[in-house]
Amino acid sequence: MKQSMYKSKEELPMFLTVMDVANLLGISRASAYELVREDNFPKLKIVQGRTIIPRDRLIEWLDEQTRYDELPR
């Protein structure tokens, strides 16, 4: 897996491209575009065919996706 050039979330740019997200998550370009098409994925369409992802919203989204509720006993 390719390593990200960013060592911490503070080093990430304020807005990421779809390719940035692919590299950050270690997924393919096609998988990143599929992910960005999800309804609940945080994105901004700035012009037709151009999408950017706000860093802070991406981090929040990732936290939500990896959160799990305590299993009932």
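**Asking why: helices, strands and buried residues**

User: Let's begin with T51. Where does T51 lie?

Analyst: T51 lies in strand β3. Keep in mind that we're looking at a predicted model.

User: Okay, and why does T51 count as buried?

Analyst: Buried means under 20% relative accessible area. T51 comes in at 14%, so T51 counts as buried.

User: Which residues does T51 touch, not counting residues up to four places away in sequence?

Analyst: On that count, T51 touches L16, V18, V36, K43, L44 and K45.

User: How do you know that R55 is buried?

Analyst: The cut-off is under 20%, and R55 has a relative accessible area of 18%, so R55 is buried. You'll find R55 in helix α3. Once residues up to four places away in sequence are set aside, R55 touches K9, E10, L12, P13, M14 and L16.

User: What makes Y6 partly exposed?

Analyst: Partly exposed sits between the two limits, under 20% for buried and over 50% for exposed. Y6 has 22% relative accessibility, so Y6 counts as partly exposed. Y6 is found in the segment before β1. Leaving aside neighbours within four places in sequence, Y6 is in contact with E11, L12 and P13. Y6 and L24 are 18 residues apart in sequence, with 8.0 Å between their C-alpha atoms.

User: And Y33, why is that one partly exposed?

Analyst: Y33 has 36% relative accessibility, and because that falls between the limits, Y33 counts as partly exposed. Y33 belongs to helix α2. From Y33 to A22 it's 11 residues in sequence and 8.4 Å in space, C-alpha to C-alpha.

User: Why are α1 and α2 called roughly perpendicular?

Analyst: Start with the angle. The axes of α1 (residues 18-25) and α2 (residues 29-36) come within 9 Å and cross at roughly 115°. Angles from 65 to 115 degrees count as roughly perpendicular, so α1 is roughly perpendicular to α2. The crossing of this pair is right-handed.

User: Which residues of α1 and α2 meet?

Analyst: From α1 it's V18, M19, A22 and L25, and from α2 it's R29, A32, Y33, L35 and V36. The residues of this contact divide into eight nonpolar, no polar and one charged.

User: How do you know that the buried residues of α1 are on the same side?

Analyst: The buried residues of α1 are V18, V21 and A22. They cover an arc of only 100° around the axis, so they end up on the same side of α1. The buried residues of α1 pack against β1 (15-16), α2, β3 (50-54) and α3 (55-66).

User: What follows α1?

Analyst: G26 does, and G26 has a positive phi, near 70°.

User: Now the whole protein. How many helices and strands are there, and in what order do the elements run?

Analyst: The protein has three helices and three strands. From the N terminus on, the elements run β-α-α-β-β-α.

User: What share of the residues counts as buried?

Analyst: Of the 73 residues, 25% count as buried. As for contacts with a separation of 6 or more, residues 24 or more positions apart account for 43% of them.

Conventions: Residues numbered from 1 in each chain as written. Predicted model: local features only at pLDDT ≥ 70, side-chain atom pairs only at ≥ 80, totals over all residues. Heavy atoms only, no water. Axes fitted to C-alpha atoms, helices over the stretch in contact; angles between N-to-C directions. Helix = DSSP H or I, 4+ residues; strand = E, 2+ residues; numbered from the N terminus. Parallel < 35°, antiparallel > 145°, perpendicular 65-115°, else oblique. Left-handed = near helix turned anticlockwise from the far one by under 90°. Contact = heavy atoms within 4.5 Å. Nonpolar A, V, L, I, M, F, W, Y, C, P; charged D, E, K, R; others polar. Buried < 20%, exposed > 50% of the residue type's maximum accessible area, 1.4 Å probe, protein only. Arc of directions from axis to C-beta.
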